[in-house]
Amino acid sequence: MSLRDLQRKLKKQFSDFFEIPNDVMLDLPKIVLVGNLQVFIENHRGIVEYTTEKVRVKVGEGEFGITGSKLMLRNIKTDEICVEGQIKSLCFLEPGEVW
Amino acid sequence: MVLLRLFSFLMGHVSLVVRGEFLEKFVNMAASRGIYLWDITRLGNDRMRVKVRISDVRPLRHIARTTKSCFKVVERRGLPFMLNRMKKRKLLAVGGVVFLLTLYFLSSFVWFIQVTGNERLSSEEIKKIAAGAGLKPGAAKWDLDAKLVENTLREKISSVAWVGVYVKGTRVTIEIAERKLVQEDPHRNDPAHIVAGKAGLIKEVLVLNGQAVIKEGDTVLPGSILISGEIKEEIKPEPANQPLPEGQEPPEPQYVSRFVRAKGIVRARVWYEGYGECRISETLEKLSGRQKTSARIKIGTKEIIIAGPKESPYRHYQEKQTVKSLPKWRNISIPVEVRNVQYMEIIKERMTYGQAGAKKIAEQKAMQEVSAKLPQGEKITEQRLEQVNTAAEEELVRIKAFVETVEDIGTIKPLKAAEEDKD
């Protein structure tokens with residue numbers, strides 16, 4: 001684990017030094033929220049759970065959760081998801097954390 | 001976004017209901033294989049609805065098998081499906097194509113010609129000349145040469161200064177600018193008298209040219225000469241050296257007439273008279289604004305009321321009928337007509353003006369009558385109102401109005417016409 005932490009720290013320093021955007025270098029998701037109607041998630045790893053009240057998306061190492069009502073997946077591509085509906089909350093989960 | 005939607009319409013897409021245990025896995029696998037899914041909605045615990053392109057349905061079947069789910073097509077959308085449907089109704093498609101072709105074909109002709117800007121020239125004349133140059137209803141647009149039409153019109157009609165021919169769809173507008181021809185009055189300098197246009201009492205005479213026949217204080221009648229265009233000059237005989245012999249009268253003075261166009265201002269007092277009357281009390285009829293319409297169909301002699309009242313709902317009313325009947329053909333007329341009857345309520349009102357009120361109204365009426373006779377812009381120098389009393393007692397007030405003005409009463413009358421009148 002410590003090796004991975006060191007690797008990440010190095011990467012961060014590298015990207016800071018060369019002014020490379022973090023999401024490219026560190027494999028982080030880019031999430032765009034439009035009001036409470038739409039969420040775009042770029043750079044995802046697949047859907048973990050999908051119901052009309054709750055959507056969980058695998059992102060980097062952890063998960064990204066959306067709760068709301070009447071949720072629907074507007075479109076899904078290999079690296080992009082768009083979720084529509086009435087969004088109530090967003091939440092980042094550590095790997096293994098139960099929501 | 002619109003482009004994307006158009007693309008998906010052209011390619012065609014279907015809605016699937018997927019049933020299975022691991023629907024998230026199904027979606028993930030599809031996404032990772034590059035199958036584009038959209039509008040994914042959860043229908044129940046183990047069912048969801050997914051939209052997908054036609055071409056992606058086949059690989060999706062494989063994914064369904066591996067995730068132990070199955071799907072059913074519930075909706076088909078897009079051009080490929082429409083074409084399929086069209087194949088069953090070939091004639092409809094043919095009709096549509098024929099319609100479009102006909103529309104296109106007919107729209108390449110000129111159907112309407114409009115002429116604007118012409119004041120003295122008639123539109124018919126212009127259209128006739130334009131038809132000679134190839135512009136007439138039914139002419140093909142590809143044969144039409146707007147420049148040629150313009151030039152032809154300009155050459156053939158001399159009073160046209162500029163012509164523009166615009167083609168807009170099936171309508172052609174010919175815009176014309178006419179040359180303004182200044183017409184000189186050929187009789188402008190012909191000798192003329194100034195005669196009285198109205199009867200009056202002469203107040204001032206100002207002669208600019210000609211010989212005054214009247215003087216101030218004269219009364220003239222319409223038509224009488226005020227300033228003559230004929231100037232008579234006496235020819236004085238050469239002063240004789242020797243005194244005239246005894247017994248011989250000096251010769252009659254001889255006149256030579258010179259004709260000019262009389263010019264001058266003759267102002268005269270002119271009187272006008274007007275009359276007005278008003279009853280002391282009278283009944284007025286006024287529309288109340290309330291109305292009812294009834295629609296009827298008349299077949300032969302029978303009348304069927306469709307809507308509205310059968311008879312007038314008002315005690316006093318005006319009736320207005322509009323009848324629509326079928327057009328006659330030869331001698332056969334169909335005895336069916338639709339008639340609309342409009343009942344408009346009338347209110348009868350009894351107005352009492354009283355002696356003074358009636359007098360006032362009568363005065364107003366009399367003055368109105370006078371001012372209608374007055375020429376525009378003339379000032380009233382004196383006015384007098386007079387009540388006409390009859391022997392019998394009446395419910396009527398009669399008023400006479402007299403108005404006096406001072407105005408130029410001279411009108412020009414050509415001398416030649418005057419001479420011709422005598423003949």
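## Strands across the boundary

Strands here are DSSP runs of E with at least two residues, numbered from the N terminus, and two of them pair if DSSP finds at least two bridges between them. In this structure, which is a predicted model, strand β5 of chain A, residues 62-76, is joined to β2(B) by 3 bridges, and the two strands run antiparallel. Within this pairing, A:N75 stands opposite B:W38, a residue of β2(B).

## Extent of the interface

Contact between the chains involves 14 residues of chain B and 14 residues of chain A. Together the two chains bury about 1,300 Å², and 58% of that area lies on carbon and sulfur atoms. Of the area that chain B buries against chain A, B:E24, B:I40 and B:R42 supply 37%, which is more than any other three residues supply.

## Polar links and the side of chain B

The count of salt bridges between chain B and chain A is 1: B:D39 forms a salt bridge with A:R74, and their closest N and O atoms are 2.9 Å apart. Across the same interface, 8 residue pairs are found in polar contact, with both residues at pLDDT 80 or more.

On the side of chain B that touches chain A, α2 (23-32) and β2 (37-42) each supply at least two residues, and β2(B) gives the most, with 6 residues.

Conventions:
Residues are numbered from 1 along each chain as its sequence is written. Chains are lettered from A and ligands numbered from 1 in the order in which they are written. This is a predicted model: local features need pLDDT of at least 70, side-chain atom pairs count only at pLDDT 80 or more; totals for chains, interfaces and linings use all residues. Side-chain values use heavy atoms; hydrogens and water are left out. Contact means heavy atoms within 4.5 Å. Buried area is the accessible area (1.4 Å probe) that two parts lose on being put together, summed over both. A salt bridge is a side-chain nitrogen of Lys or Arg within 4 Å of a carboxyl oxygen of Asp or Glu. A polar contact is a pair of N or O atoms within 3.5 Å; within protein, one must be able to donate a hydrogen and the other to accept it, and residues adjacent in sequence count only if both atoms are side-chain atoms. Helices (H or I, at least four residues) and strands (E, at least two) are DSSP runs, numbered from the N terminus.
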